[in-house]
Each structure stands twice: as C-alpha cells, then as structure tokens.
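Me: I have a structure open and would like to go through it with you piece by piece. Can you take my questions as they come?

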Amino acid sequence: MSISYTTTGTTTTKLDEVKLYPNPVINSLVVSSKNAVKKIEIFSMTGVLFRSEISNLNTIDVSNLSKGSYLVNVFTESGVYKQMVLIK
C-alpha cells in the first residue's frame, strides 16, 4: 500500500517508505527507511516527548521507557512517518 497526504502543512510519507519493527518492542526498535532519517521522536499518548534523536539511526534503545503505547515520528527527506508502537 502506498499513500501520501498532507495535514496542517506537513507531508506524511508513503506507508511503504518507513518500517518500524518489532511491534510490540521490548528493548530495541529498528527503523528501516528508503530515505535518510533526519530525526526520530517518541511521544507518550498524552503528548509528552520522551526521546528526540537527530541522526541517521537504524536502532533505538527503548529499554528505559515504561511499558505502554507510544507515538513514533520519523522525519525523512520526503516527509514525516507516524506510527504507534507498544513497548512491553
């Protein structure tokens, strides 16, 4: 599936350009992207920013985060990819 759309001035990347796995995650979240990753943000479901990484990472250590659901924003050259992940 490939979708691209714009909301409030931010372009959201196509669904097949970025992959976050495993989901649910225990210790490390893997980020796979066709484009260079500029920044990754991890938010709680209440909107609190827990993590912001500015680099081309492919693995993020989430072992220090509490169990629960989080929103992950992956910023690439082509836009922003958003996905909810569950940390066990």
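Me: Let's start with Leu20: is it buried or exposed?
Reply: Leu20 is buried, since its relative accessible area is 7%, where buried means under 20% relative accessible area, exposed means over 50% and partly exposed is in between, with a 1.4 Å probe and protein chains only. Please keep in mind that this is a predicted model, in which local features need pLDDT of at least 70 and side-chain atom pairs count only at pLDDT 80 or more, while totals for chains, interfaces and linings use all residues. Residues are numbered from 1 along each chain as its sequence is written, and side-chain values use heavy atoms, with hydrogens and water left out.

Me: Where does Leu20 sit, and what is it in contact with?
Reply: Leu20 lies in strand 3, where helices (H or I, at least four residues) and strands (E, at least two) are DSSP runs numbered from the N terminus. Setting aside neighbours within four places in sequence, Leu20 is in contact (heavy atoms within 4.5 Å) with Leu29, Val30, Val31, Val72, Val74, Tyr81, Gln83 and Val85.

Me: Which residues of the largest nonpolar core touch the most other members?
Reply: That core has 17 residues, and those touching the most other members are Leu20, Val31, Ile40, Ile42, Val62, Val72 and Val74. A nonpolar core here is a set of buried Ala, Val, Leu, Ile, Met, Phe, Trp, Tyr and Cys residues joined through side-chain atoms within 4.5 Å. At least two core residues come from each of strand 3 (18–21), strand 4 (28–33), strand 5 (37–44), strand 8 (68–76) and strand 9 (79–87).

Me: What about Val74, buried or exposed?
Reply: Val74 has 0% relative accessibility and therefore counts as buried, and its place is in strand 8. Beyond neighbours within four places in sequence, its contacts include Val18, Leu20, Val31, Val37, Lys39 and Ile40. For Val74 and Lys39, which are 35 residues apart along the chain, the C-alpha atoms are separated by 6.1 Å.

Me: Switching topic, how many helices and strands are there?
Reply: The protein chain has zero helices and nine strands. Buried residues account for 32% of its 88 residues, and 49% of the contacts with a separation of 6 or more are between residues 24 or more positions apart.

Me: In which sense do strand 5 and strand 6 pair?
Reply: Strand 5 and strand 6 (residues 49–53) pair in the antiparallel sense over four bridges, given that two strands pair if DSSP finds at least two bridges between them. Glu53 in strand 6 is the bridge partner of Ile40. The two strands form a hairpin with four residues between them, and Gly47 in the turn has a positive phi of about 95 degrees.

Me: How many aromatic pairs does the count come to?
Reply: The count comes to one aromatic pair, using the rule that rings of Phe, Tyr and Trp (its six-membered ring) pair if their centres lie within 6.5 Å, with planes under 30 degrees apart stacked, over 60 edge-to-face and the rest tilted. Phe50 and Tyr70 form this edge-to-face pair, at 5.7 Å centre to centre and 80 degrees between the planes. Phe50 lies in strand 6 and Tyr70 in strand 8, so the pair ties together parts 20 residues apart in sequence.

Me: And which of those counts as buried?
Reply: Tyr70 counts as buried at 6% relative accessibility, whereas Phe50, at 43%, counts as partly exposed.
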